[in-house]
Amino acid sequence: MSRFFIGITGASGHAYTEVVVRALVAAGHEVDLALTVAGSKVLRHELGVDAGAGGEHLARELEPWLGEEVARSVRAFAADAIEAPPSSGTALTAACILCPCSMGTLARVAAGFSSNLVERVADVALKEGRRLVIVPRETPLSVVHLENMARLARLGAVILPAMPGFYHRPRTLDDLVAHLAGKILDRLGVEHALGARWSGTGDPPGESGIGPGA
Ligand SMILES: Cc1cc2nc3c(=O)[nH]c(=O)nc-3n(C[C@H](O)[C@H](O)[C@H](O)COP(=O)(O)O)c2cc1C
């Protein structure tokens, strides 16, 4: 069992977060969740989860959101809970995942701001040499965004944009979300059953292939 930290920011794409949390718990892991202030607003907007202005009610919302069984393996922290265990390098956090990651949080992590718990845990991952998986979401991207991503990639972070592929022929939004979430789990080294792996053609029987994707 490992403990993963997921920082939820004010970017769009909270459906990915939910699938990743569920998959980590299904694989026997524990999850620490923290929101930024904007993350709390977008969580309410996209998933209807009301975690309070700064995520201070996230803990009580876990069970209605994720169900009792999953919620049992999840700890929730507010944006300003900089005293929370994962903010210390002594916490054995297996990896920090920023999902989805706004351009604001991306910039502040690239500059080492640590101005809330999410940014601090990402900073700790960098200083401790732990895995940091960043799932940025914005389009189009400015040079500022690209340079911040390049800087973090040079520091060892995995930049895994919320950029869904179509070569696996998704039929539903859930298929699209699961495919991207599966790629996050792959980078964490966690087994999962989120979508089929590329088999050479990806064809349903009788259809022709279009070549491998990533
Ligand atoms: C509904 C909604 C969707 C947003 N989507 C994005 C997005 O995809 N990417 C992004 O960088 N910012 C997005 N924003 C703007 C961020 O929330 C905003 O820049 C915020 O200050 C980021 O703060 P944070 O980095 O502390 O979470 C969105 C805002 C709202 C209200």
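Trainee: Why is Val19 called partly exposed?

Mentor: Its relative accessibility is 23%. Buried means under 20%, and exposed means over 50%. Val19, at 23%, falls in between, so it counts as partly exposed. Keep in mind that this is a predicted model.

Trainee: Where is Val19, and what does it touch?

Mentor: Val19 belongs to helix H1, residues 14–26. Setting aside neighbours within four places in sequence, Val19 is in contact with Val177, Ala181 and Leu194. Contact here means heavy atoms within 4.5 Å.

Trainee: Which residues does Thr17 touch?

Mentor: Ile6, Ile8, Cys99 and Pro100, if you leave out residues up to four places away in sequence.

Trainee: How do you know that Val121 is buried?

Mentor: Apply the test again. Val121 has a relative accessible area of 3%. Buried means under 20%, so Val121 qualifies. This residue lies in helix H6, residues 117–128.

Trainee: What is Val121 in contact with?

Mentor: Phe5, Pro86, Ser87 and Cys96, leaving aside neighbours within four places in sequence. Take Phe5. It is 116 residues from Val121 along the chain, yet their C-alpha atoms are separated by 7.8 Å.

Trainee: Why is strand S1 called mostly covered?

Mentor: Count its residues. S1 covers residues 3–8, and five of the six are buried. Across the protein chain, buried residues make up 47% of the 214 residues.

Trainee: What makes S1 and S2 a pair?

Mentor: Two strands pair if there are at least two bridges between them. S1 and S2 have six, in the parallel sense. One example is Phe5, whose bridge partner in S2 is Asp32.

Trainee: What holds paired strands to each other?

Mentor: Strands of a sheet pair through backbone hydrogen bonds, parallel or antiparallel.

Trainee: In what order do the six strands of the sheet run?

Mentor: The order is S3-S2-S1-S4-S5-S6, in an open sheet with parallel pairing.

Trainee: Why are S3 and S6 said to stand at the edges?

Mentor: S3 (74–77) and S6 (158–159) each have a single partner strand, so one side of each is left without a neighbour in the sheet.

Trainee: How many helices and strands are there altogether?

Mentor: Eight helices and six strands. Along the sequence they follow the pattern β-α-β-α-α-α-β-β-α-α-β-α-β-α.

Trainee: Why is the chain called as compact as a globular protein of its length?

Mentor: Its radius of gyration is 17 Å, and the globule rule gives 17 Å for 214 residues. The two values are close, so the chain is as compact as a globular protein of that length. The C-alpha atoms fill a box of roughly 55 × 40 × 30 Å along the principal axes.

Trainee: What share of contacts joins residues at least 24 apart?

Mentor: It is 69%, among contacts between residues at least 6 apart in sequence.

Methods. Residues are numbered from 1 along each chain as its sequence is written. This is a predicted model: local features need pLDDT of at least 70, side-chain atom pairs count only at pLDDT 80 or more; totals for chains, interfaces and linings use all residues. Side-chain values use heavy atoms; hydrogens and water are left out. Helices (H or I, at least four residues) and strands (E, at least two) are DSSP runs, numbered from the N terminus. The radius of gyration is taken over C-alpha atoms; the globule rule is 2.2 Å times the number of residues to the power 0.38. Buried means under 20% relative accessible area, exposed over 50%, partly exposed in between (1.4 Å probe, protein chains only).
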